[in-house]
Amino acid sequence: MSKTNLTRRGVLRTGAATGAGLALPTIFTSAASAFTNAPGDSEVTLGFNVPQTGPYADEGADELRAYELAVEHLNGGGDGGMLSTFSSKALDGTGILGREVKYVTGDTQTKSDAARASAKSMIEKDGAIMITGGSSSGVAIAVQGLCQEAGVIFMAGLTHSNDTTGKDKKANGFRHFFNAYMSGAALAPVLAQRYGKDRKAYHLTADYTWGWTQEESIVSATEALGWETVNTVKTPLAATDFSSYIAPVLNSGADVLVLNHYGGNMVNSLTNAVQFGLREKQVNGKNFEIVVPLYSRLMARGAGENVKGILGSTNWHWSLQDEGSQAFVRSFGTKYGFPPSQAAHTCYVQTLLYADAVTRAGSFNPCAVAEALEGYEFDGLGNGPTLYRAADHQCFKDVLVVQGKENPQSEFDLLEVVEVTPAEQVTYEPDHPMFDGGNLGECNPGA
Amino acid sequence: MFGLSKKDTTFLLIVCFLTLATPILLQPFPEGSAGATFNAGYPDLMQRFAIFGIFAIGFNILFGLTGYLSFGHAAFLGVGSYSVVWMYKLLDYNVIPGLLLAIVTSAIFALAIGYVSLRRTGIYFSILTLAFAQMSFNLAYSVLTPLTNGETGLQVYTDDPQILMGENSPTSPHLFGLVMRDSVQIDIGGWLFTFNIGYYFCAVIAILAFYLSLRIFRSPFGMMLRAIKTNQTRLNYTGLNSRPYTLAAFVISGMYAGLAGGLMAAMDPLAGAERMQWTASGEVVLMTILGGAGTLMGPILGAGFIKYFENIFSKINDNMLHQWFGWMPDGMEDALIFISHFFVGKSWHLTLGLLFMLVVIFLPGGLVEGGQRIARWVRGRRKKGSGDDPEHHPKPAPHVAE
């Protein structure tokens, strides 16, 4: 008896659930608004998604500092930083479109899954209208894809892989940071000039997407100048001891070692290479040289003495003398007591660029914002005249070639700028083979 | 009902109720209030509760019943995700083919890994599974990049074949037209409740998974697995070959993990290699132990607990702390913020670690044991004066389903 009772109830329950399930989408469509997370009249929420734990936690902490500074400046606090040097004067320190800027933070853990979970909670729970940050290309690409689906703007933080604005580019994603191709294009002429055109290079490459695009870019840029690539060896990302990879370099006949490593990998591989005495070696009658294509101050600090004289490229450095950079370094230094890293710079600039685009567009609608950013030319943000190219949402600007300083004055003064490579020299066609494949798709305003 | 005893039926119904009412239960604070930060009733997190609940239930079938501690279950999670995303790429965004494939491929993987690993027991078994999982991770991360898209993670591109994709097909995961991402929001006096299709899809599967595990726990097969945990040597001496049983348990729990991984990709169309890393395998072990290994409800509680900390505590930043403690005198405010700094935001791991230690030290049976103790305490107080001598009472063995 009780059995039939319960089954009937079960049938009713299933029926009700199915009915509700079928009814849901209709209710949903009727309540649709113009775009995801349209802000209210007094506040707008931005989502800062940075690695707070894991291998890039240092970069993440610096990014977060920059974001807090940017929010302060947007809301009219502090000394205004780059707002005064920015070529666009749309921002006046009253928030964005008269709304006070609020923010939420999250931890990407430098894992695509965690980063997406964190970004999702910002979008679904906190109503963030824009997501920004990150310190690895894998995360940037994952979050960029998510923002495209959810219908919010993604302003990439530190991501250097060609794929971010190459085969994985998305209409809702924008990158200010430079990329591997640009590193190669900027670095190769300086290498040829310093070390000659008749060199044999040996590559050690971190075995993942960023490493490969980095290696591909450097190989093609240096080979175009007459260098020969002796060998390219992939090293596992988790490796901490590179001795076994360094030893074969000595017998390969190569006279330049290129380390396509980032973060802790680079610190360890460079230290191993120096310990093996590579830098004192003479091969083919030339001094043996080491090159680190992507440099950051935080890495230079980790590698200590070993970086002296080693060439590489970076997006920005705090010792730049232009007005914008100085204004940024001043306000960052006043607030935190030390100069910002390149990660902090790109994140700060991205926030300003977003706010400016919203103001110029007069709307928070992601499609309007994207339109305002596409093909936008600006100046005064530390990298000279810059173009946000419409075809792939990549910024084109000068790239810095730097080298480890011989006599550093402080723990922050580790790199010196050797050359500022003009933007024309690092510009490529949107359908360049290294970037080919994906397409931007349609801008998605969500909801 | 459903071939369960009365007590189990009630238990199952309670679980059903809790699962289906989650969007309401997890939203205890009204929007805009200070406590709103602690609300967890948004789709992504609720989906994670259900998915990791399934993962932990499956893991518990192996670890809780047979005592074999696998450190490689994340491999199946990853395999499941990749299967689903590949089905998106080849067919269309309907989740069903992907989920079926996820279960099948993870079963094949589990069979292969289990066949080798189960030749050893104890720590050797754990290390073998760990090695296999790390191998899968490294394969997915770099070697098999054409298949997995490496570090970047497998995504659907506009130029993928998607042969079943029609003109008006949804462009995100759906179940025969019901789009997973869609939800309906109901605002009741400041409380905002989000009922998400994806969550309910996961919830229904989670209930089925739970029911299945309940049946396994109560079956002769489950009894055999418990016998293996108690004393495998003795079982072997009776002339029984225990390996088919352990292998079956391993494959079943691998399929659960594959299903969970598939659901992750069904909610969010991306499969990343990190899902297979050993930290992910360790996480499910933590979930199970934190909640209570060998109990039915424990792993689900543990999964919810860890996911809550990961997603809610990690998002509390200094700014919020200042808002909360702003009313206090300056010195006190700074001191409190300084202290709480160690427990929220990027330090959420520390809070979780402390809680884990407390649970392991004081409640070796996990959160479930905590619940049982409270229940016993309440019951004990009620029973006082009934004339029973509490000192001379055979201790009731805790019901395995509690």
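This is a predicted model: local features need pLDDT of at least 70, side-chain atom pairs count only at pLDDT 80 or more; totals for chains, interfaces and linings use all residues.
How many residues does the contact take from chain B and from chain A? The contact takes 36 residues from chain B and 36 residues from chain A, where two residues are in contact if their C-beta atoms, placed from the backbone, lie within 7 Å.

Residues are numbered from 1 along each chain as its sequence is written, and chains are lettered from A and ligands numbered from 1 in the order in which they are written.

**Where the chains meet**

On the side of chain B that touches chain A, at least two residues each come from helix H3 (43-66), helix H6 (122-143), strand E2 (178-179), strand E3 (183-188) and helix H8 (197-218) of chain B. These labels follow DSSP runs numbered from the N terminus, helices being H or I of at least four residues and strands E of at least two. H3(B) gives the largest share of that side, four residues. Sorted by class, the side of chain B that touches chain A has 12 nonpolar, 15 polar and nine charged residues. Here Ala, Val, Leu, Ile, Met, Phe, Trp, Tyr, Cys and Pro count as nonpolar, Asp, Glu, Lys and Arg as charged, and the others, Gly among them, as polar.

**Chain A as a whole**

Chain A has 13 helices and 17 strands. Its C-alpha atoms fill a box of roughly 90 × 60 × 40 Å along the principal axes. Of the 447 residues in chain A, 56% are buried. A residue is buried if 20 or more other C-beta atoms, placed from the backbone, lie within 10 Å of its own, exposed if 12 or fewer, and partly exposed in between. Among contacts in chain A between residues at least 6 apart in sequence, 71% join residues at least 24 apart.

Chain A is divided into domain 1 (43-178 + 319-397) and domain 2 (181-314), with bounds from an automatic or database domain assignment. The centres of the two domains of chain A, taken over C-alpha atoms, are separated by 30 Å. Their contact takes 13 residues from domain 1 of chain A and 14 residues from domain 2 of chain A. Helix H2 (57-74) and helix H4 (137-150) of chain A each supply at least two residues of the domain 1 side, and that side divides into three nonpolar, seven polar and three charged residues.

**A helix pair in chain B**

In chain B, the axes of helix H4 (residues 74-90) and helix H5 (residues 95-117) come within 8 Å and cross at roughly 145°. Axes are lines fitted to C-alpha atoms, for helices over the stretch in contact, and angles run from 0 to 180 degrees between N-to-C directions. The residues of the contact of H4(B) with H5(B) divide into 13 nonpolar, five polar and no charged.

**Some individual residues**

| Residue | Other C-beta atoms within 10 Å | Class |
|---|---|---|
| Gly404(A) | 22 | buried |
| Ser281(B) | 25 | buried |
| Leu97(A) | 16 | partly exposed |
| Gly282(B) | 14 | partly exposed |
| Phe176(B) | 8 | exposed |

Gly404(A) lies in strand E16 (residues 399-404) of chain A. Leaving out residues up to four places away in sequence, Gly404(A) touches Ala300(A), Val307(A), Lys308(A), Gly309(A), Ile310(A), Leu414(A) and Leu415(A).

Ser281(B) is in helix H12 of chain B, and Gly282(B) is in that helix, residues 278-291. The C-alpha atoms of Ser281(B) and Gly72(B) are 209 residues apart along the chain yet separated by 5.4 Å. Beyond its neighbours within four places in sequence, Ser281(B) is in contact with Phe71(B), Gly72(B), His73(B), Ala74(B) and Ala133(B). For Gly282(B) and Ser70(B), 212 residues apart along the chain, the C-alpha separation is 9.1 Å.

Most residues other than glycine have a negative phi. Leu97(A), however, has a positive phi of about 50°, and sits in the loop between H2 and strand E2 (100-107) of chain A. Phe176(B) has a positive phi near 45°, and is found in the loop between strand E1 (174-175) and E2 of chain B.
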